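Hi,

Here is the structure I promised to pass on. My notes on what turned up in it follow below.

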Amino acid sequence: MCCSYKVSRRGLLLMTMLTFLFAVIFIAVGSVSARFGSSFVSEANVYCQEMCLLEDMHDDVVGCNCEWNPPGTSLPTIFFLSPAIGMIVVGIFTFFTSILGCLGAIRERNLMLSGYICALLLVIILQFSFGVAAATVATGNSAQVQGPLNGVLKKNYKLFDWQSMEIFFPEACYAGSKTEQVGDPALNETYTYHFPLCRFDGGCVYNDPEAVGTPLYDLQNMCCDSDRNCASNNKAQCMSGEQCVVSFLARVGAPIAVVAFLALIIEISALVFACIIRVGTADRKYGDRA
């Protein structure tokens, strides 16, 4: 027991130091992801404000709500910001929890160790939950992605200017373009939308009658393989709208999921060491009284 107690005490000190480091990483990664997601929301709002200024487009701007003051994006965005915000909260909580664990290991106080064990259990539960949420967002399997987000863009992806978000999407996401009349027909105003060459759900657009005689016709046909699917051997030009959405979400959610699951191994080890020390501390005090 003595040997196990000493090893556990040293192990806990080491694990709390590593947990402290991960707490800083949690806050940093969460902040970067939250900032990236917030930038997307800001750019989408700017795009909507510009589009809503066009006369008589109040009911037709895809992904926007022109009735708001000021106009803004109607795309669901909070779902991919939530894991990042949650990870910042977990990082702050982990920061103080690791300090408590370090003090408990040094002073060998049962009260501190008990508080540390309870706090660390809460950290593990929260961290696992936000890690799963981030992984679901990163893979595009979130209900918010499959439902509201894809639902808004699926039928109207050619009426959303993907190039306005070029810092968030690969170049293939706005390789196609088409000029549409907007606003009052009497004013003859036009706007050029940029969009992926493949269909939103991954199929290809073959012999599009609306694009006959334009460069878009040949570009869309080029992105068709023999099975009429989006050509997977030319990702530089050929992507579906869904792939574009997932590529953005992966940049938001994947870093959070990775650090969340990596730290779980260290935290579970720290939990085991803390339990051994707590039992060992009680045994040592009982032995001293005897």
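Glycine 104 is buried, at a relative accessible area of 0% (buried means under 20%, exposed over 50%, and partly exposed in between, using a 1.4 Å probe and protein chains only). This glycine sits in helix H2; helices here are DSSP runs of H or I with at least four residues, strands are E runs of at least two, and both are numbered from the N terminus. The C-alpha atoms of glycine 104 and arginine 278 are 9.1 Å apart, although 174 residues separate the two along the chain.

Before going on, a word on the source: this is a predicted model, where local features need pLDDT of at least 70 and side-chain atom pairs count only at pLDDT 80 or more, while totals for chains, interfaces and linings use all residues. Numbering runs from 1 along each chain as its sequence is written, and side-chain values use heavy atoms, with hydrogens and water left out.

Back to H2. It covers residues 78-107, and its 30 residues should span 44 Å at 1.5 Å a residue; the end C-alpha atoms are 43 Å apart, so the two agree (the expected span is 1.5 Å times one less than the number of residues). Just after H2, glutamate 108 has a positive phi of about 55°.

Next comes the pairing with H3 (residues 110-138): the axes of H2 and H3 come within 9 Å and cross at roughly 160°. Axes are lines fitted to C-alpha atoms, for helices over the stretch in contact, and angles run from 0 to 180 degrees between N-to-C directions. H2 and H3 are therefore roughly antiparallel, the label for angles over 145 degrees. The contact of H2 with H3 has 21 nonpolar, 9 polar and 1 charged residues (Ala, Val, Leu, Ile, Met, Phe, Trp, Tyr, Cys and Pro count as nonpolar, Asp, Glu, Lys and Arg as charged, and the others, Gly among them, as polar).

How many salt bridges does the structure hold? There are 2, taking a side-chain nitrogen of Lys or Arg within 4 Å of a carboxyl oxygen of Asp or Glu.

- Lysine 158 pairs with aspartate 208 at 3.5 Å, N to O. Lysine 158 is in the loop between H4 and S3, aspartate 208 in the loop between S4 and H5, 50 residues apart. Aspartate 208 is buried, at 10%.
- Lysine 178 pairs with glutamate 210 at 3.0 Å, N to O. Lysine 178 lies in S3 and glutamate 210 in the loop between S4 and H5, so the pair ties together parts 32 residues apart in sequence. Lysine 178 is partly exposed, at 24%, whereas glutamate 210 is exposed, at 59%.

Cheers

Note on methods
Angles under 35 degrees count as roughly parallel, over 145 as roughly antiparallel, 65 to 115 as roughly perpendicular and the rest as oblique.
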